[in-house]
Amino acid sequence: MSYRCTLGNRRYTFSDLKTLLAKASPARSGDVLAGLAAESAEQRVAAQFALADVPLQTFLTETIIPYESDEVTRLIIDDHDRQAFEPVRHLTVGDFRDWLLSDAATTEVLTDLAPGLTPEMVAAVCKLMRLQDLVLVAHKCRVVTRFRGTIGLPGRLSTRLQPNHPTDDPKGVAASIVDGLLYGNGDAVIGVNPVSDNLSAVIRLLEMLDTLRERYHIPTQTCVLSHITTTLEAIRRGAPVDLVFQSIGGTEKCNASFGVSLAMLDEAYQAATEMKRGPLGENCMYFETGQGSALSAAAHGGVDQQTCEARAYAVARRYRPLLVNTVVGFIGPEYLYDGKQIIRAGLEDHFCGKLLGLPMGCDVCYTNHAEADQDDMDTLLTLLGAAGGTFIMGVPGADDIMLNYQSTSFHDALYLRSLLKLRPAPEFEDWLIEMDIAGEGGLPIPVDARHRLLEYLA
Amino acid sequence: MDKHDLRVRDPWEDLKRYTDARIAMGRCGVSLPTRHHLDFQLAHARARDAVHHSLDGDEVQLAFESLGMTVIRLRSAAESRATYLQRPDLGRKLLAEDARTLSAMVENLQPAPAEGHRFDLVLVVADGLCAQAVEASATELIRELLPMANEAGWRLAPLALVEQGRVAIGDEIGGTLGAEVVAVLIGERPGLSSPDSLGIYLTYAPCPGLTDERRNCISNVRPAGLLPALAAEKLFYLVAEARRRKLSGVELKDELPQLQENLILPG
């Protein structure tokens, strides 16, 4: 079915729903690279007008990637909750935007609605929204998850402590962990990206992280971000795996490029839940996503990168994850060219994830070949804090010396907590106070040279 | 303590011996002290300058010619840095005009043998994401490689010096020249602590359309990393092995565990 919009004496036609979505998407380099972007600024707005008139129900009948050939589409359609969808069933995409911004869409209403929304509905309304809309609506959403701590409560901001080291040296990793903990970081997860996916190296890191956590009774969870098959093997060998990590995308082919399928994720999810290592809750999966991954794997099927990204969240929510992280600026300028595009994409992903019911965090980041700098990161960081972002990264000095990109620092997390009066997860905040690391509110106090944590590497 | 010093110091500076990560920096309130803030800005400024620095092609050409190489100058289809950064597809192919020039040049060469290749190796040098890396290390690397190549009796093609090139442009060049192996020396994405890193990507039987699993890589070639002389030895060994086994990529890599595999492929 085609879609139309007439502006003055000019008539715009869009051949199908995925073309309409792509042309309505705010400008970004990845859609240009894919040949999907609007050809003029006016065509983009024409597409947005036409998209505003599309009934939400259309997304349940017109699939953008065929049901027969893509298991992510099948997941989206088969798991759709019609009863939850009922309150917005009669709306168009444009009406849906108005409704989301209205007082009718309260926190409770949005929580109940989440299973009734599909990624395409959410991606569509996102394309009609300004940054302030994305911030305001996301801030109304509440997603709370638990493992050893409680993530996502109102007025809280958690951090993933990311202590990467170029040779996976356990002492090098531990030095960054100690630094981060003394800066009040690490309540979402202490998560290491390993240099190699070598099983014994991964197990060595898992054991080091678990020993350190146990020794200081830290109410957090640890993770080595190896491929899911490596993590499953580590579980079989009895390694202490808290969270099972995997990078995922929004199409079956994209997931295949990551070496995963829904069947594999099902198996890993089952193995992770059976361990029952989380005393407070059973959320034990950690996913990472990012706009552009489907295109970079030539697996986008003509769908724009923001919509592909939202479809990845349908995969994520099947497994009730503890954390989902959009690694927004890592992929490079051929997908998100500059600070402006990275900032918008980060807020889009957070909005879409939250609306779909996910504990959404954001790796506020950039590479040296993107047209971006620390000022852009400060802007996204501040806006994400205002939007109620669940967690951000904590990297020593914002400089990841293994992955060679810039993320947010331990200091950045303290900035956001200080500015917006946000606190760490409650269990972690209590621990920080008990350990003489932070005062009331979770902000740091001067640490003594004989602090117990400093004994770890002494 | 100096009463003007408002910093809260971190009494764990000795942990820096375990990692190059930016730890124990202290804080002013919750924020980064000026000195550390400016150190970061400097590292980023250098990395940015490295990305946008254009290759001094004339000087590099002279340096290669002084080693006895014949040099062909080529341009990719990405005509500006901004285009290069946003359109990796254009950086992977030659500008049409330069592709024609290269083909015309090949027609004047002796024909390739019926079975086999016209050249054993073509060296392609491209600015990639960091022209400074080419200027810092490419000449020395080639100076070290040439005696080994000559002793082994390799037939070397003219050296292709490419502006705004990505790795895969070597496939088109190697294919047109009829080379058995192409080695692309290319500037890697600059990191905050390594703004001048050269990567080497080797492909057996190059032709357009090959993908990354067909390549072998030597990365982090720079004065403070893998030294160019050492990289030349590794490259010589890899080219020899690729020619002996008539392949490159994953299967060749398995036999070379000493090579670094922490790669950042510039396209």
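**Which residues of helix H1(B) are buried?**

The views below show a predicted model, in which local features need pLDDT of at least 70 and side-chain atom pairs count only at pLDDT 80 or more, while totals for chains, interfaces and linings use all residues. Residues are numbered from 1 along each chain as its sequence is written, chains are lettered from A and ligands numbered from 1 in the order in which they are written, and side-chain values use heavy atoms, with hydrogens and water left out.

**View 1. Helix H1 of chain B and its cover.** Helix H1(B), residues 34-52, has 19 residues and reaches 27 Å from its first C-alpha to its last, close to the 27 Å expected at 1.5 Å a residue (1.5 Å times one less than the number of residues; helices are DSSP runs of H or I with at least four residues, strands runs of E with at least two, numbered from the N terminus). Its buried residues are Phe40(B), Ala43(B), His44(B), Ala47(B), Arg48(B), Ala50(B) and Val51(B) (buried means under 20% relative accessible area, exposed over 50%, partly exposed in between, with a 1.4 Å probe and protein chains only). Seen down the helix axis, these buried residues fall within an arc of 160 degrees, so they line one face of H1(B) (the arc is that of the directions from the axis to the C-beta atoms). On the other side of H1(B), Thr34(B), Arg35(B), Arg46(B) and Asp49(B) are exposed. The cover over the buried residues includes helix H19, strand S13 and strand S14 of chain A together with helices H3 and H6 of chain B.

**View 2. The open sheet of chain B.** Six strands, in the order S1-S3-S2-S4-S5-S6, form an open sheet with mixed pairing (two strands pair if DSSP finds at least two bridges between them). Strands S1 (71-75) and S6 (215-221) stand at the edges with a single partner strand each, so one side of each is left without a neighbour in the sheet. From one strand to the next, the twist averages 20 degrees (axes are lines fitted to C-alpha atoms, for helices over the stretch in contact, and angles run from 0 to 180 degrees between N-to-C directions). Strands S4(B) and S5(B) run antiparallel and are joined by 7 bridges, with Leu185(B) opposite Ile200(B) in S5(B). Helix H8(B), residues 228-245, packs on the sheet, touching S2, S4, S5 and S6 of chain B, and its direction makes about 10 degrees with that of S5(B).

**View 3. The hairpin of S1 and S2 in chain A.** The antiparallel strands S1(A), residues 3-7, and S2(A), residues 10-14, are joined by 5 bridges, and the bridge partner of Cys5(A) is Tyr12(A). Of the hairpin's 2 residues between the strands, Gly8(A) takes a positive phi near 65 degrees.

View 4. Over all chains, the structure holds 10 aromatic pairs (rings of Phe, Tyr and Trp, the last by its six-membered ring, pair if their centres lie within 6.5 Å; planes under 30 degrees apart count as stacked, over 60 as edge-to-face and the rest as tilted). The ring centres of Phe245(A) and Tyr286(A) are 5.4 Å apart with planes at 70 degrees, so this pair is edge-to-face. Both Phe245(A) and Tyr286(A) are buried. Phe428(A) and Trp431(A) form a tilted pair, 5.5 Å centre to centre with 35 degrees between the planes. Phe428(A) is buried, at a relative accessible area of 0%, and Gly186(A) also counts as buried, at 0%. Leaving aside neighbours within four places in sequence, Gly186(A) is in contact with Thr159(A), Leu161(A), Thr220(A) and Phe428(A) (contact means heavy atoms within 4.5 Å).
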